[in-house]
Amino acid sequence: MKKKNLKLSDRGKLIIVISVLAILFGFLFFNIEKNGENHEIIKEENYYMKIDYPDIENKKENRKIIASIKKYIDEKKGEFIDSVRDLENKEIVYDFLVSNSMSEYEDITSVHLTVYSYTGGAHYIREDKSYYFKKDVGEEVDLTHFLVELDSLKRLADVSYSYILKYGAENDLNFLEDTVREGTEATFENFSHFTFMQSGLEILFPPYQVASWADGEIRIVIPYNELKGIIKDEYLKVSDIPSDVVVEKKTRDLTKFRDKKLIAFTFDDGPSNGPTNKLLDNLDRFEARVTFFVLGSRVNQYSSSLLRAYEQGNQIGSHTYSHLNLFKLKDADILREITNTNANVNAIIGEEPRLLRPPYGNINSEIKSLTNMYTILWNIDPEDWKYKDKDKIAANIVKNAHDGAIVLLHDIYETSVDGAILAMEQLQQEGYAFVTIDEMVTLKNVELDKSKSYFKF
Ligand code: ZN
């Protein structure tokens with residue numbers, strides 16, 4: 001009798017375990033489907049990985065293109081892990097980063113991936129990969145789809161050659177004509193990265209292709225009127241360039257916060273669609289304004305989130321362009337990470353960021369003297385990217401909260417935004433006000449110093 005009972009309860013346990021697993025799996029799956037935006041951060045003892053998967057609509061027609069992008073990233077991940085696994089120097093943290101930019105033009109969606117890996121040596125290894133597919137049917141196409149005829153490639157190559165030399169001259173870069181000639185030879189490989197922009201066709205030449213590594217990537221924009229007979233007419237639709245939009249930022253009366261405890265919520269690695277907008281939807285409930293440290297590589301794709309954040313009165317800072325470890329970069333590369341981000345942000349909100357949050361918090365006095373920006377770090381880190389649990393994130397913030405604190409979060413995860421909202425609900429009861437870094441600085445009468453790093457105020 002006793003034995004039989006035991007057996008039954010074992011079976012019962014098994015059923016419960018299976019049910020729980022099934023629910024968890026279903027939940028996980030549902031979450032991925034729902035979020036669409038897909039990010040992966042892995043921290044191991046000797047390496048760090050950060051992958052932003054492109055935000056492609058998860059519909060049947062797109063499954064094939066999503067799978068082939070994932071396959072490419074998996075291959076690169078595998079190569080990276082293989083090459084760092086046996087490295088003897090355990091002092092160094094190697095890293096692997098994938099960022100992407102996506103754009104739509106006529107019937108085509110394009111995705112550009114940039115893969116950076118550091119496995120020792122003088123600098124990061126960079127690889128670029130672009131995909132073009134028809135929005136409605138998910139069918140992948142290449143440059144031939146856009147060319148009038150196969151021979152048009154030769155003409156595109158010639159135009160590009162002269163535009164690169166012109167770009168070099170305008171930017172005081174000493175390009176070697178032979179290197180430019182070689183990098184613009186009429187092969188499809190040389191012209192695999194292009195984007196249709198308002199002002200023309202932008203062609204990207206990754207580092208080394210037409211110039212030295214130190215000159216970085218080269219982007220030229222060829223106006224559409226130069227591409228007649230080269231690119232099919234249906235892709236040469238020059239839309240009217242909108243007249244300069246006046247962006248208005250709301251500033252607020254800070255006197256009502258004078259006797260409050262202050263806390264600055266900051267959000268890195270965005271902007272995004274879902275999470276950023278959910279946060280913006282909720283800030284008024286707490287009279288809250290926050291600071292976003294955005295990635296230059298993401299702001300064009302999520303420009304409407306960025307503009308909305310700024311117009312609402314939130315502050316926009318820089319988290320650099322590609323999230324590389326600044327300690328592993330040469331001065332020229334560091335400057336490019338900063339200036340490209342500032343230019344992209346400025347083009348959208350009409351103002352350049354003055355605050356810098358270096359990736360991983362890695363900065364020193366040499367880098368500071370290069371950049372002309374104020375360094376803002378943090379002193380409350382709920383490790384939201386790791387736990388992805390809103391209650392845990394909120395509890396950690398509330399437990400560590402104090403007047404003048406700076407909280408580090410990421411507006412690419414819905415759980416991080418939910419955690420911030422929960423924390424604000426509780427902290428508001430405790431007499432806190434939620435302010436941007438600039439508002440904090442004003443209220444605390446701080447004179448920011450470029451040579452310092454601020455963890456709190
Ligand atoms: Zn970051």
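Residues are numbered from 1 along each chain as its sequence is written, and side-chain values use heavy atoms, with hydrogens and water left out. Because the model is predicted, local features need pLDDT of at least 70 and side-chain atom pairs count only at pLDDT 80 or more, whereas totals for chains, interfaces and linings use all residues. Helices (H or I, at least four residues) and strands (E, at least two) are DSSP runs numbered from the N terminus.

Two packed helices are described by the angle between their axes and the distance between the axes. The axes of H5 and H11 come within 8 Å and cross at roughly 15 degrees; axes are lines fitted to C-alpha atoms, for helices over the stretch in contact, and angles run from 0 to 180 degrees between N-to-C directions. H5 is therefore roughly parallel to H11, a term applied to angles under 35 degrees, with those over 145 counted as roughly antiparallel, 65 to 115 as roughly perpendicular and the rest as oblique. The crossing of H5 and H11 is right-handed; a crossing is right-handed if the near helix is turned clockwise from the far one by less than a right angle, and left-handed if anticlockwise.

Helix H5 (residues 274–283) also approaches helix H6 (residues 303–311), their axes coming within 10 Å and crossing at roughly 20 degrees. This angle makes H5 roughly parallel to H6. The crossing of H5 and H6 is left-handed. On the H5 side the contact is made by Thr276, Asn277, Leu280 and Asp281, and on the H6 side by Ser305, Arg308 and Ala309. Two nonpolar, three polar and two charged residues make up the contact of H5 with H6.

Side chains of opposite charge can pair when their charged atoms come close. The structure holds 29 salt bridges, each defined as a side-chain nitrogen of Lys or Arg within 4 Å of a carboxyl oxygen of Asp or Glu. One of these joins Lys278 and Asp418, whose closest N and O atoms are 2.8 Å apart. Lys278 lies in H5 and Asp418 in H11 (residues 414–429), so the pair ties together parts that are 140 residues apart in sequence. Lys278 is partly exposed at 28% relative accessibility, whereas Asp418 is buried at 18%; buried means under 20% relative accessible area, exposed over 50%, and partly exposed in between (1.4 Å probe, protein chains only).

A further salt bridge links Asp74 with Lys70, the closest N and O atoms being 2.8 Å apart. Both residues lie in helix H2 (residues 63–85), four residues apart, about one turn of the helix. Asp74 is partly exposed, with a relative accessible area of 33%, and Lys70 is likewise partly exposed at 42%.

Key: Contact means heavy atoms within 4.5 Å. Ala, Val, Leu, Ile, Met, Phe, Trp, Tyr, Cys and Pro count as nonpolar, Asp, Glu, Lys and Arg as charged, and the others, Gly among them, as polar.
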